[in-house]
Each structure stands twice: as C-alpha cells, then as structure tokens.
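The structure is shown first, and the description follows.

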Amino acid sequence: MSIQVLPDSVVAQIAAGEVVERPASVVKELLENALDAGANHVHIAINGGGRKLIRISDNGSGIRSDELELAFTRHATSKLRVIDDLVSLATLGFRGEALSSIAAVSRITVTTRFRDERAGNQLHIEGGVIKSRQTVGAPVGTVISVENLFYNTPARLKFMKKENTEKRHIMALVTRYAMAYPHVRFVLEYDGREVFRSSGSGQLADVIVQAMGLDQFKQLIEVFAEDTAHDMDPTINVVGYTSTPELHRSDRSSITLFVNGRWIQDASLTYGVVQAYHNLLASGRYPVAVLMVDIQRDEVDVNVHPTKAEVRFRDPGAVFSTVQRAVRQAVIALSQPLGSRIAGVNMRWQPEQGESDQMDLHLDVDDVAADQRAPNRRQGYASGDPTEVPFGPEAPLKPRTLPLLRVVGQVGARYIVAEGPAGMYLVDQHAAHKRVLYEHFKDAIKQNHVQITAVSTPQTIDLSGAESRVIDKGLETLRMVGLELEPFGLNTFRILGVPDEISDLDPTELFPSVVDDLRNGTPDEVIDRLVQRMCRMAAVKTGEILNIEEMQSLIRQLERCESPRISPEGAATLVHMTGEQLARQFERNS
Ligand code: ADP
Ligand code: MG
C-alpha cells in the first residue's frame, strides 16, 4: 500500500477507541459534560446494557445554537483555551474529544436549549456525519441519545462484554459520580426500570446510604483531615468514610478515591488506605472507603490519560501520608472505645488560632471545660460531670463519630451552626436531641438501667375496651421503657412512674398513641417505637431558643452517638459542608 493521509472519518474512529472503549465510558463522558454544564439533575437511561441506547438528560446550561455542530468537532471545547488553563482547570472535561468520538461510532441525537435562548435545537448525527438539524421546543439543558453504539465498528462490537457486566460498570460509575457530587440528583434506569437514585441533598452520607444501604453505612466511620504542615493554609484535605475493621472485602475495588471531584484510580493512594488498616485486617482483606481528596489545583496534573482516570501529584508523598494518616486516625479512634482520655484538659475554643488546634487533640480528648459550663437545664444534657449521661450514669465514654465541633450560633430557633476541622455543620436541634436521647435510652434498656421517676400525683387515663386490652397485655413492655402503669378500674389506668427523661412533661399526652405502638410488630419493634415517641416528646423543640452552653452540650453528646447523622426516624440530623463545597457555592454560575 502506498502512503496516504487517512480520511477524517477513519482518524475519528481510531481516536474514538481511546476515549470510548465501552458503553460505560460513553456514560462517563456524557455525565462529565452534564456536570461541567452545572446540572443539578441528571437522568440516565440505558437500554440493552448501553448498546441499544444511552440517553443522558441534564438541566445544565445547554449548548448555544451557533455552537452545536462545533461541539461535535474534534478538539472543540469550551473549557480550555491555552495549555496553561490546564493548571487551574475546574471542569471534568477539557480535551474536546468525547462528543466527536462518540458521534463517530454511533447514531446520536442531541436536543439542547441554551439558558439564554428561547428555543431548542436538535441535531442528528450518524457515524460522525450530520444528518439533520431542526429547531424544537425544549427545556433549558441537554438530552443526548446515543443509539447503536459501535454499529459501524464490527471489531469492537465483537469484543464487547456481556450486557450484565456492562450494567455493573455503569452502576458503579453512576454511584461514584453521585458520591462526588452529592448536591446533584442522579437517576439511573435500565430498560425503563429505575435502579438507582440519589437525592441531591448535598450530603455524602445520604448518597452512601442510597448506594450501599443503611446497614453498610452504619459500618463506616467519618474521615476528616487537613494537611497543614506546609503553611497556615491546608494544602490537602481528606474527607469521607472508611469502614470499621469489621467490614472488609476480598479485593480493593470498594476503595473509591476522588481528587477534586474527579474519580481517580491510583494504586499508591489505594495502598495508603489499605496500609492504614495495618494489623487490623487479615491479609488479603481490604476495607471499604469513599474518600474525597481536595488539593490545590496546581498540585495535581489531570492530563495524564485520555480517560482522565489517572492523575499525577506534584508531591505524591504528601498526599499519600495525608490520606493514610486520616484513615488511620479515624480507624484508631474507633477501635479504642475509651481512647486515652485526658481528664481535666482545659481546652477552650479559640477560633482565631485556626482549626489545626482541633486536629492536635487526637480526636479523643473531651471538651471537659465546655461540658462543665453546661447547665443541667434539662435531663439529657450533660450535668457537672462530663462522664455523666442520662439513663445510666456510669456509661463509658463512647467513641467519637463526629469531629470535635465548635458551636457558632443558632439559626431560626431551629438549627445549630457549628464548625469543625472539615467545614460547617448545620444541626437540626430537635432531630439531634432525639438522636442523643434515643441512643441513651436504648443503651439504658439494654443494660436494664432505665431511670424511673415516680409520679407525685398519679394521673389516670381512660381508654376504650379494645385499647385497654392492648395496654393490659403490654404492661411489661411499657415497664421496660420506664412507663409504670397499673389498672385502675374498668378501662382505666394510673400512671405511677415515667422515665426521668419526660418527668416534667405530661405523660397522658402519650396516650392513646402508645396503644398503636403496642399493637404490631416484634417486641423489639414495639420498644423502638415507644422509645422514639418518648424521645420526640422529650427533645428540645423546633422554635426553642438555646444558649451557647446548651447547644455545645447537645453537640458534645451528638459527637459520640453511634449514628449521629440520622434521627431515630431516619431523617437527617445535620448538613455538613466542607470548605471546598462552600467555596464551590460561590463559584457556581459566576
Ligand atoms: P470537553 O468536555 O472535553 O470540552 P466534549 O467533546 O465532551 O469535550 O464536549 C465538547 C463541548 O460541548 C464542551 O466543551 C461543552 O462546551 C459542550 N457540551 C457537551 N456536552 C454538554 C452538555 N451536556 N451541556 C452543555 N454543554 C455541553
Ligand atoms: Mg467532555
């Protein structure tokens, strides 16, 4: 054969091989484009494992009508102008290769409306050739449908993995992006059936629950660390979750790493995470972790690989040790329930000195001083003795599950604003107090330690015949949760004692709802519902003004709850925003 320059269509197909290896890689590129366009809702529909159809709809900026064809041209990008831009890149894409590559090996229909334009446009492309264009009515945003992927590249079609393998890859991919972008709502459908949805609440914890389930989430511990070694500004931030030593896997695939919002594969960092479990996991066992590494953009080179899944750090050693230390700290703090608690450490909150103070505290030093300042205004808050918890005075200090938080103030007589080493926490006072009371209560029940206050003038409750039969059968259960009742004539009961927690409230308020609680379920479920009901009653209400000491005391206790982030009923108790997330809020759409 004589030498000839390849026609554009062949060049495009060869290049496509680098970027779009398989349906999952198409999904990845289109997802990244949607996120780069500022979407907060991304819908992904997959048919036939992605070979028949991949359709991604977003509510991002849309594509300008006069740039629509350009977007499908090789090396056409709105994200990079000169090579120096790479250093400060804030977008996921930058190579301008994805759309043209995908278009070269499929049939694409794009429907898009740019945010400043009145109408939308639709473009149809087959094998890289534009077949039609028309004006259409469409909401702001973009829908890209990729049909018959690889229809014109028989070699690639032959090597394609089975449909189920592909679905697994796509699911893993979408859940990862959902974790990296918790403020974006993702919906994934396979052949018309929804298989994953994230709420877009902004909470990584929520997405992890949605992706892995509550049971697994409960076996994760929060990781937070800043590397402040170099100067006052933290250069490396690590936040996320890692498993307790009880949860482990046979391979490393459950260790998920993000760098500046980009999912990456990095053997060395993965090894750092595994290393952190040294002596805690059997050999051949690996933890589950989801870690977000945030690092100054000029410290990391993202232009290493066409799929952008690998990055190069300017100082890989620093990143490695920050990640390893962060995970180790979290795991150690957990596996030493009592820690090396230093009694009497007089730590005061001095925000001016910077957050690094908090990290020096090894996470298990208590803010004894703050606890001692807290008044004993209400049962369930710490009294003079910092080790004292209600429903069981000699309960040991629980391991920390949240970082040490400093209360800044209250918003709307409803939320407590607190700051920690990894950003801002907005805590729902009612939900948080319910959580604290609930765990104390459950512990007390487990240890048979429920403190009962005798009622000075016993009140009576009148019920229907059916209701009183239920109460009659449930007297023993009620006693277990601290409610002492005795029959007092036909269909009437007398309340003799109540749990300390609600001793200054009107216990008759609990009836007849308690009857419903008693009616169904296993004994454990019944007890759980009763406890929840009393916690709802005893917890500080929305609308109550709290002083700093009360708030700090509540937060202190929340920090050591087993599941500090959810109320007993399963709602969120807090919203956490990292410094980076806060900054991002201000960068957005500007
Ligand atoms: P890159 O993302 O590397 O810039 P792509 O080929 O993926 O390259 O996309 C080309 C261009 O098309 C992007 O730079 C962007 O301007 C535009 N674009 C692609 N997808 C979308 C989308 N979903 N919403 C808005 N603009 C998009
Ligand atoms: Mg792109």
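## Overall organisation

Two residues are in contact when heavy atoms of each lie within 4.5 Å. On that basis, among contacts in the protein chain between residues at least 6 apart in sequence, 70% join residues at least 24 apart. The model is predicted.

The protein chain holds 18 helices and 22 strands. Of its 590 residues, 53% are buried.

## Helix H2

Helix H2 covers residues 23–36. Its 14 residues should span 20 Å at 1.5 Å a residue, and the C-alpha atoms at its ends are 20 Å apart, which agrees with that expectation. A residue is buried when its relative accessible area is under 20%. This applies to 13 of the 14 residues of H2, so the helix is largely enclosed by the rest of the structure.

Just after H2, the backbone takes a positive phi of about 80 degrees at Gly 38.

## Packing of H2 with H6

Two packed helices are described by the angle between their axes and the distance between the axes. H2 packs with helix H6 (residues 163–180) at an angle of about 20 degrees, and their axes are 9 Å apart. Angles under 35 degrees count as roughly parallel, and H2 is therefore roughly parallel to H6. The crossing in which H2 passes H6 is right-handed.

On the H2 side, the contact is made by Pro 23, Ala 24, Val 27, Lys 28, Leu 31, Glu 32 and Leu 35. H6 contributes Glu 166, His 169, Ile 170, Leu 173, Val 174 and Tyr 177. Sorted by class, this contact of H2 with H6 has nine nonpolar, one polar and three charged residues. An α-helix has 3.6 residues a turn, so residues three or four places apart point the same way.

## Packing of H13 with H16

A second pair consists of helix H13 (residues 429–446) and helix H16 (residues 523–538), whose axes come within 9 Å and cross at roughly 135 degrees. H13 and H16 are therefore oblique to each other. H13 passes H16 in a crossing that is right-handed.

From H13, the residues that meet H16 are His 430, His 433, Lys 434, Leu 437, Tyr 438, Phe 441, Lys 442 and Ile 445. Their counterparts in H16 are Ile 527, Asp 528, Val 531, Gln 532, Met 534, Cys 535, Arg 536 and Ala 538. The contact of H13 with H16 comprises nine nonpolar, three polar and four charged residues.

## Backbone exceptions

Most residues other than glycine have a negative phi, and most peptide bonds are trans. Against this background, the peptide bond from Phe 511 to Pro 512 is cis, with omega near 5 degrees. Pro 512 belongs to the loop between strand S21 (492–499) and helix H15 (513–519).

Positive phi values in residues other than glycine include those of Asn 148, near 50 degrees, and Asn 448, near 60 degrees. Asn 148 is located in the loop between strand S6 (141–147) and helix H5 (154–159), and its relative accessibility of 33% is why Asn 148 counts as partly exposed. Asn 448 lies in the loop that runs between H13 and strand S19 (452–462). With a relative accessibility of 73%, Asn 448 counts as exposed.

Definitions and conventions:
Residues numbered from 1 in each chain as written. Chains lettered and ligands numbered in written order. Predicted model: local features only at pLDDT ≥ 70, side-chain atom pairs only at ≥ 80, totals over all residues. Heavy atoms only, no water. Axes fitted to C-alpha atoms, helices over the stretch in contact; angles between N-to-C directions. Helix = DSSP H or I, 4+ residues; strand = E, 2+ residues; numbered from the N terminus. Parallel < 35°, antiparallel > 145°, perpendicular 65-115°, else oblique. Left-handed = near helix turned anticlockwise from the far one by under 90°. Nonpolar A, V, L, I, M, F, W, Y, C, P; charged D, E, K, R; others polar. Expected span 1.5 Å × (residues − 1). Buried < 20%, exposed > 50% of the residue type's maximum accessible area, 1.4 Å probe, protein only.
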